[in-house]
Amino acid sequence: MGRYSIPYESLDPLTIGATDDESKVYRETLELEIPDANLLAAIYPDEPPPVHDATEAARAALENPHSGPRFSQLLAGASSVAVVIDNQFRPTPASKLLPPVFDAIEAAGVSDARVVCANGKVFPMSDSDIAQKLGADNLARMERLGIGFFQNEPRNTENYSYVGVTSRGTPVWLHNEVARSEVIITIGHAQANHWGAGGGGKLILPGVVSDETVESNHCAFVPSPQTHYGAYAGPMRADIDETATMCGLSATMNVLLDTRGRVIDCIYGAHPDAHVEAINRFNDIYAYDNPVTEAGPADIAVCGVFAPTDHLFFHTGWGCMSSDLVVREGGSIIYCSPSPGVSTAIGDFPGLALMDLMKPYMPASPENYQKVLRDIHGRNIQMWAGCIWVPIYEVMTRKHLTMVTLEENLEMAADIGLDATVSLDEAFWAAMERHGPDAKVIVLPFARYQLPRNAIRMHAADVRALEQVRL
Amino acid sequence: MTVRGISGRGAAGPAAPPGSAREIKGKTTVVEVLRMFPGGEAARLMSRLSWPCAHCSGAFHEPLAVAAKRHRNSPAAVLEAFRALCSAEGPSEELLQRAAVKSTDR
């Protein structure tokens, strides 16, 4: 019998600015004993140490690009610049990364500059969020330098400029403050995810484009079987990067954060090369050799959540899609997520907020998934939110999902139709009962980061049937 | 040094609630109605209607009547349901079901 620690964490109240403040981090582990004979694999990544100083790492990256010109060269002679940062639901420590960016802008004498928050269709940051995300010193400096701050308001069509249509048919309207800038740089968190990858061009789409652009991309490509963890060359991520190219994205600065939320790498360079490199480095750490290849798929996956994720299952639950890749059809995914909910400027939201959008389609079944697809086609489902709950739902049509969560979430889970419990032991042994004494178990403590290496599709030529991953 | 002077800052921040917090009209925005019910009653009603509005950037500008049309619910029934949140008993199950019906017309 082996004993395994499953991280059971979240950040409270928001992820931003919390990476140096342990008091804002809800850290706990759940312990689980698994019979040795049942264990297929327990995969704990070998993470490099964090950088000593994130600000200096960013400064060094800007002057040592992975590809393309140094940031200072990019700015030389430029008349305007847009710095696009991610929002309150991403853990990128913008407050630490912005000083060398502002140093370079100031040194180059670029007076027409702005910071734009890539909040896509998510509600904008409050003043408190902005203060945490950007930091007081940076805000004071922005005021001194006349650098404006803008957020995405995708339904306000007057704020957007038409750019064109991507090769896959997505019409692109770009935020005017970005469109009018000669140099565009994004600062984000690079990680694999179920859309292929996060960060880089994704701060352009969905970050700073219009409602129509977000929904066109998401409706068309989220349901694709080729949109999955590691599918950088899949249709969704490829459309995103093409959009970013069309929008004139000059360069990206990409941080890798470890499972404690600390910066472990910072890669700057031309779009899309620098982000590709960041994802390659991410995959070197968090992708694992797929045990399914030799031993067959797992019957049960036990997944944990960790600090760089946050307070809503809507954000922590992405690992359902990565664990899906190594669990057999009809198998079980046990997802340990406290999901304490969040207090915002417009009210308190429970830990299962937005997961309730799947309720009209419950129980999850292949037949009901057809209703989901019809409602996506009919634009009856808002895919800025559906881009998360729909993939989780789709997994639930094929696999049994059990949440292990805080007691306060149980009533809402039951109302939605989600299987939930406060006890990992109870969830595990119920799954063992379903799958029998020979059930094979995989432990993915950091499932939101972890992906089987053979799911990686970095180049278009690599795109092929997922069945080759799942066997 | 104040940070209020930064261009664009706060432009999308929560709007002030209407003069009377109980006057819910078709033009009342999603954020305004959310702020009228800090206990989360309005957010739960939106959840019941399968609206993601409480988390959407559109919440700051979108009036309830427009949101109802966008999500193919009856504006009249939706308004009635939100207004019923002001009563001690809240909206009835019959009203909730009526408000949650999605039109098949597009």
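Predicted model: local features only at pLDDT ≥ 70, side-chain atom pairs only at ≥ 80, totals over all residues.

Q: Which residues belong to domain 1 and domain 2 of chain A?

A: The domain assignment of chain A gives residues 2-45 + 290-470 to domain 1 and residues 54-283 to domain 2. Taken over C-alpha atoms, the centres of the two domains are 27 Å apart. Their contact takes 52 residues from domain 1 of chain A and 47 residues from domain 2 of chain A.

Q: How many salt bridges and polar contacts are there between these two domains?

A: The count is one salt bridge between domain 1 of chain A and domain 2 of chain A. For polar contacts, the count between these domains is 14 residue pairs, with both residues at pLDDT 80 or more.

Q: Which elements of domain 1 of chain A give two or more residues to the side that touches domain 2?

A: These elements are helix 12 (319-323), helix 13 (366-377) and helix 14 of chain A. Helix 14 of chain A gives the largest share, six residues. By class, this side of domain 1 of chain A has 30 nonpolar, 12 polar and 10 charged residues.

Q: Where do Arg260(A) and Glu9(A) meet, and at what N to O distance?

A: The side chains of Arg260(A) and Glu9(A) meet in a salt bridge, at 3.0 Å from N to O.

Q: Let us change topic to the two chains. How many residues does the contact take from chain A and from chain B?

A: The contact takes 36 residues from chain A and 32 residues from chain B. Of the area that chain A buries against chain B, Glu143(A), Arg155(A) and Ile346(A) supply 22%, more than any other three residues. Between them, chain A and chain B bury about 3000 Å², with 60% of it on carbon and sulfur atoms.

Q: What about salt bridges and polar contacts there?

A: The rule finds one salt bridge across the interface of chain A and chain B. Arg155(A) forms a salt bridge with Glu62(B), and the closest N and O atoms are 3.4 Å apart. Six residue pairs are in polar contact between chain A and chain B, both residues being at pLDDT 80 or more.

Q: Which element gives the largest share of the side of chain A that touches chain B?

A: That share, four residues, comes from helix 5 of chain A. The residues of this side of chain A divide into 21 nonpolar, seven polar and eight charged.

Q: What does the side chain of Thr402(A) join in a polar contact?

A: A polar contact of 2.7 Å joins the side chains of Thr402(A) and Asp419(A). Leaving aside neighbours within four places in sequence, the residues in contact with Thr402(A) include Ile333(A), Tyr335(A) and Arg434(A).

Q: Finally, which residues are buried in helix 4 of chain B?

A: In helix 4 (residues 75-84) of chain B, the buried residues are Ala77(B), Val78(B), Leu79(B), Ala81(B), Phe82(B) and Ala84(B). The buried residues of this helix pack against helix 1 (30-36), helix 2 (41-48), helix 3 (64-70) and helix 5 (93-100) of chain B.

Key
Residues numbered from 1 in each chain as written. Chains lettered and ligands numbered in written order. Heavy atoms only, no water. Contact = heavy atoms within 4.5 Å. Buried area = accessible area lost by both parts, 1.4 Å probe. Salt bridge = Lys/Arg side-chain N within 4 Å of Asp/Glu carboxyl O. Polar contact = N/O pair within 3.5 Å; in protein donor to acceptor, adjacent residues only side chain to side chain. Nonpolar A, V, L, I, M, F, W, Y, C, P; charged D, E, K, R; others polar. Buried < 20%, exposed > 50% of the residue type's maximum accessible area, 1.4 Å probe, protein only. Domains from an automatic or database assignment.
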